[in-house]
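Here are some notes to read alongside the model.

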Number of protein chains: 2
Amino acid sequence: MIKAGLGFNREMKICITHMHGDHILGLPGLIQTMSLLCRTRTLEIYGPAGLGDFIEAIEKTIKFTLTFRLEVIEIEDEGLVCAEDEYEIIAARADHVAPAFAYSLEEKSRPGKFYPEKAKALGIPEGVAWAKLQHGTTVKLPNGRVVEPQEVLGPPRSGRKISYSGDSRFSEALVKLAKNADLLIHDCTFDDGLAKRAAEDGHSIPSQVAKTAKKANVKRVILTHISARYKTPNLLLNQTRKGFINAVVAEDFMKIDLPLHDVK
Amino acid sequence: MIKAGLGFNREMKICITHMHGDHILGLPGLIQTMSLLCRTRTLEIYGPAGLGDFIEAIEKTIKFTLTFRLEVIEIEDEGLVCAEDEYEIIAARADHVAPAFAYSLEEKSRPGKFYPEKAKALGIPEGVAWAKLQHGTTVKLPNGRVVEPQEVLGPPRSGRKISYSGDSRFSEALVKLAKNADLLIHDCTFDDGLAKRAAEDGHSIPSQVAKTAKKANVKRVILTHISARYKTPNLLLNQTRKGFINAVVAEDFMKIDLPLHDVK
């Protein structure tokens, strides 16, 4: 995060998928680093049962005093995790060897495209009234006429959506969670030749990731959690692309542009 | 450790200086990684009071099952931490804002240099007998004469010694611990201009590191725990070198050769 130039005091929520070491042991150091860098904003951390005990045990045994408030929220079931003005986070149960959640971040819709020619035709004076309409607010003209935003705007533009599987076998719950996502970040631990091992360990293989991506109608897939046995991830990538072409492999400091949705 | 090509199953002990996050929070992930890589050898971890509770709390809350035995030993006082055939580890109290230990690793002496001409003069047949004498074992010749190793060897060659301060203010206990060390790795968090801040936070400044190095008569110093405020460590290095020339700054993957001690 430091190398990527992400601020440590920005609004931020952390979602933990499950309580396995490779998914949770980085958290205490991250929290402490934020404190050393004098974070002041409250930090919300969501995750499965056990998260609270873990954080509390660390706080107690190494006695760290934080510069900010930590709010640990244990998720009990699938569904809405939190709702903000601009986005929501939704959880679904993943299918792993431990209780695990997958998450979607869904932006709320933006008002539709603004058509200046329609505004002019209605005699709306350029300036504040236009801005209000562009942001979806009703306007009253000097002549008493009330203009609704939809008279000068196109249809609302849907928000973007990112889904993250965490560690999981193929699961219809994930297909549902990732429905129409712009981006699906998915466990792809083993190759198709190790289907049995993947099933035992609660992980996915490329053909399953492709199946989820296709069924969920996502735009792009990023493969992650690749087993260290693979010197290069090419085998996994090629196997995925047989069923779903728009796939890449996660890399440190990878940057992905997710364009805003425009009117069709 | 992976990048450095160090094996995860080798004989190894871990010494924790104190229970602050930046010195302890990497430990659980390291342990878990060793387990994922199927370590089988027992791992001993030494550290101050609280270490056991910390490890236990992590084990309990994230339920990790290890492939090897973990032996956590809380050090209660200064002195011998452990003794192996080839080396000893000694602890001294550091002077920090939390209970903290500094450590020395001291190799045991090696037998002295072997003089073949002396062996020949004594009529010792080349082969097994020479090898035994070289390793410090008494040998009985066919003619009944018993040869002591010191008859054919120079004086014992002292082992090497590495000392590590952990986080600490200047302290006579550290001077004593580091006496004649080949290498002293020392806290150098702040520059000499921030002496007050260093004292408050329980850290050292360059002039203090130099003082310790000089008083302890160490051969080399590596400065570590440099505050992130310094874009480059040059200021700290230059200030240290004013009082002790043989100093460098720690870097990831730094390699230091410590030559064996030879006869004077």
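Which residue stands opposite A83(A) in strand 5 of chain A? That would be E88(A). Before the rest, two bits of housekeeping. This is a predicted model, where local features need pLDDT of at least 70 and side-chain atom pairs count only at pLDDT 80 or more, while totals for chains, interfaces and linings use all residues. Residues are numbered from 1 along each chain as its sequence is written, chains are lettered from A and ligands numbered from 1 in the order in which they are written, and side-chain values use heavy atoms, with hydrogens and water left out.

1. Start with the hairpin in chain A. Three residues link strand 4 to strand 5 there, and strand 4 (residues 79–83) pairs with strand 5 (residues 87–93) in the antiparallel sense over four bridges. Two strands count as paired if DSSP finds at least two bridges between them; helices (H or I, at least four residues) and strands (E, at least two) are DSSP runs, numbered from the N terminus.

2. I90(A) is the residue facing S104(A) in strand 6.

3. Zooming out, chain A has an open sheet of seven strands with mixed pairing, in the order 4-5-6-9-10-11-12. Strand 4 and strand 12 (247–249) of chain A are the edges, each with a single partner strand, so one side of each has no neighbour in the sheet. On average, neighbouring strands here are turned by 20 degrees against each other, direction ignored.

4. Helices sit on that sheet. Helix 8 (residues 206–216) of chain A touches strand 10 (183–187) and strand 11 (220–224), and its direction makes about 155 degrees with that of strand 10. Helix 9 (residues 234–243) of chain A lies across strand 11 and strand 12, at about 165 degrees to strand 12. Axes are lines fitted to C-alpha atoms, for helices over the stretch in contact, and angles run from 0 to 180 degrees between N-to-C directions; contact means heavy atoms within 4.5 Å.

5. Chain B also has an open sheet of seven strands, in the order 4-5-6-9-10-11-12, with mixed pairing. In chain B, seven bridges join strand 5 (residues 87–93) to the antiparallel strand 6 (residues 101–107), and I90(B) stands opposite S104(B).

6. How many residues of chain B are in contact with chain A? There are 13, meeting 13 residues of chain A. The chains bury about 1200 Å² between them, 76% of it on carbon and sulfur atoms. Buried area is the accessible area (1.4 Å probe) that two parts lose on being put together, summed over both. On the chain B side, L25(B), T61(B) and I62(B) lose the most area to chain A, together 46% of what that side buries.

7. Across this interface the rule finds zero salt bridges, a salt bridge being a side-chain nitrogen of Lys or Arg within 4 Å of a carboxyl oxygen of Asp or Glu. Over all chains, though, the whole structure has 26. One of the salt bridges joins K60(A) and E56(A), whose closest N and O atoms are 3.7 Å apart. These two are separated by about one helical turn because they lie four residues apart in helix 3 (residues 51–62) of chain A.
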